[in-house]
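Please keep the sequence and the structure in view while reading.

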Amino acid sequence: MSSTSSPFLTADTLPVSSVDHIQPELDVPLQAHEISKAAVDTDKEQLPVIDDDANDEVEYPDGGLQAWLVVAGSFVAQFVVLGNVYSFGIYNQYYADAQFGSSAQVAFIGSLGMAFIYILGLPSSKLAERYGFRQVIFAGLMILCLGLFLASFITSLPLLILTQGIMFGIGSSFIFFPAVSLPAQWFLKRRGLAMGISVSGSGLGGLLFAQLSQRLLDTIGREWTLRVTCIISLVLMLPLIPFMKTRIPPRKGSTGFSFLKNPGFYCLSVPVSLALLLNSFLLTLLLSLPRIG
């Protein structure tokens, strides 16, 4: 009687060629896994250890002549820009007394100027990254001074809004935002001190410009007060612009205006801009209240 054949195939029952064909297929994945594991272990051994604290200490000067000149430039920029902004209450009452319009009407000059500073904050920063901080600050200084100079020849309220308001605001924005961000590129451990010194220019400028504007208006009149203010702004800012250098170059591909194509940008920026305009309008009125009556 013949023996019953087994239903399972074994290596003994398979042809030799079939066994040889299966064995490499089983070994290849195992070998590939071992090779990739060894490569990962090798890469881990070759990776350098980065000490962020040590890197920061090397990259940030935290002092030196160039760093403190940047702080001085930022201080003077805020002194000039916000000094003129905070002193507009003096002009507001003068224009109302000279019947350029009511206090509410002439308040649009200062409120639009202040609003345009912050509304153009993002574009001015993008322009500074693309074309250079010093170039944008210089262009802003020229626009600011041109607005004040042209306003000294104007007696029409709409044109004053255009020159002493809108032109001044555009120029101020081009100066303010690039200048206020520069000290942080030069200081790390003493960044608080550097930023505090630069920001103090805004308060000191508001104090001195208000006193100066009042005395000049009383003695030489509006026209020459605006011209003297223009000259003071130019003389203070122009010598420091060459020293307002960036230390960290902008990242490639990070500068662009593609956000202008996004509807969400306008949904956010329009309400914020209107709120800034209303806030600036009310603040300008409040700055002129102590002199009313």
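Gln 99 is located in the loop that joins α4 and α5; helices here are DSSP runs of H or I with at least four residues, strands are runs of E with at least two, and both are numbered from the N terminus. The phi angle of Gln 99 is near 60°, a positive value in a residue other than glycine. Most residues other than glycine have a negative phi. Gln 99 is exposed, at a relative accessible area of 73%; exposed means over 50%, buried means under 20%, and partly exposed lies in between, with a 1.4 Å probe and protein chains only.

The model is predicted: local features require pLDDT of at least 70 and side-chain atom pairs count only at pLDDT 80 or more, whereas totals for chains, interfaces and linings use all residues. Residues are numbered from 1 along each chain as its sequence is written, and side-chain values use heavy atoms, with hydrogens and water left out.

Asp 62 sits in the loop between α2 (52-59) and α3. In contrast to the exposed Gln 99, Asp 62 is buried, with a relative accessible area of 14%.

The chain as a whole contains 11 helices and 0 strands. Of its 293 residues, 39% count as buried. Among contacts (heavy atoms within 4.5 Å) with a separation of 6 or more, 85% are between residues 24 or more positions apart. The accessible surface, from the Shrake-Rupley method with a 1.4 Å probe and, for residues, only the protein chains shown as cover, comes to about 16,800 Å², and 67% of this surface belongs to carbon and sulfur atoms.

The unreviewed UniProt entry annotates residues 67-86, 106-124, 136-154, 160-180, 192-212, 224-244 and 265-289 as "transmembrane region"; such positions are given in the numbering used here, feature names are shortened, and annotations may be inferred rather than shown by experiment. Two of these spans can be compared with the model. Residues 106-124 are 95% helix and 0% strand, with end C-alpha atoms 27 Å apart. Residues 192-212 are 100% helix and 0% strand, and their end C-alpha atoms lie 30 Å apart.

What does the interior contain? The largest nonpolar core comprises 51 residues, and those with the most contacts inside it are Tyr 95, Ile 175 and Met 237. A nonpolar core is a set of buried Ala, Val, Leu, Ile, Met, Phe, Trp, Tyr and Cys residues joined through side-chain atoms within 4.5 Å. Two or more residues of this core come from each of α3, α4 (88-97), α5, α7, α8, α9 (191-219) and α10 (221-237), and α3 gives the most, with 10 residues. Apart from residues up to four places away in sequence, Tyr 95 touches Phe 88, Phe 100, Gly 101, Val 106, Ile 109, Leu 160, Gln 164, Arg 222 and Leu 226.

Ser 74 belongs to helix α3 (residues 65-86) and has a relative accessible area of 0%. Neighbours within four places in sequence aside, Ser 74 contacts Ala 179, Val 180, Pro 183, Ser 198 and Met 244. Ser 172, in helix α8, likewise has a relative accessible area of 0%. Residues up to four places away are again not counted, and Ser 172 touches Val 81, Ile 117 and Leu 144.

Tyr 86 is also in helix α3, but is partly exposed, at 36% relative accessible area. Tyr 86 and Gly 205 are 119 residues apart in sequence, yet their C-alpha atoms are 8.2 Å apart in space.

Helix α6 (residues 121-131) has Gly 121, Ser 124, Lys 126 and Ala 128 as its buried residues. These residues pack against α5 (103-119), α7 (133-151) and α8 (157-181). Just after α6, Gly 132 adopts a positive phi of about 110°.

On the surface, Leu 146, Phe 149, Leu 150 and Phe 153 form a nonpolar patch with about 360 Å² of accessible area together. Patches are made of residues with over 30% relative accessible area and no salt bridge, with like charges joined within 9 Å and nonpolar side chains (Val, Leu, Ile, Met, Phe, Trp, Tyr) within 5 Å; a salt bridge is a side-chain nitrogen of Lys or Arg within 4 Å of a carboxyl oxygen of Asp or Glu. Leu 150 lies in helix α7 and is partly exposed, at 34% relative accessibility.
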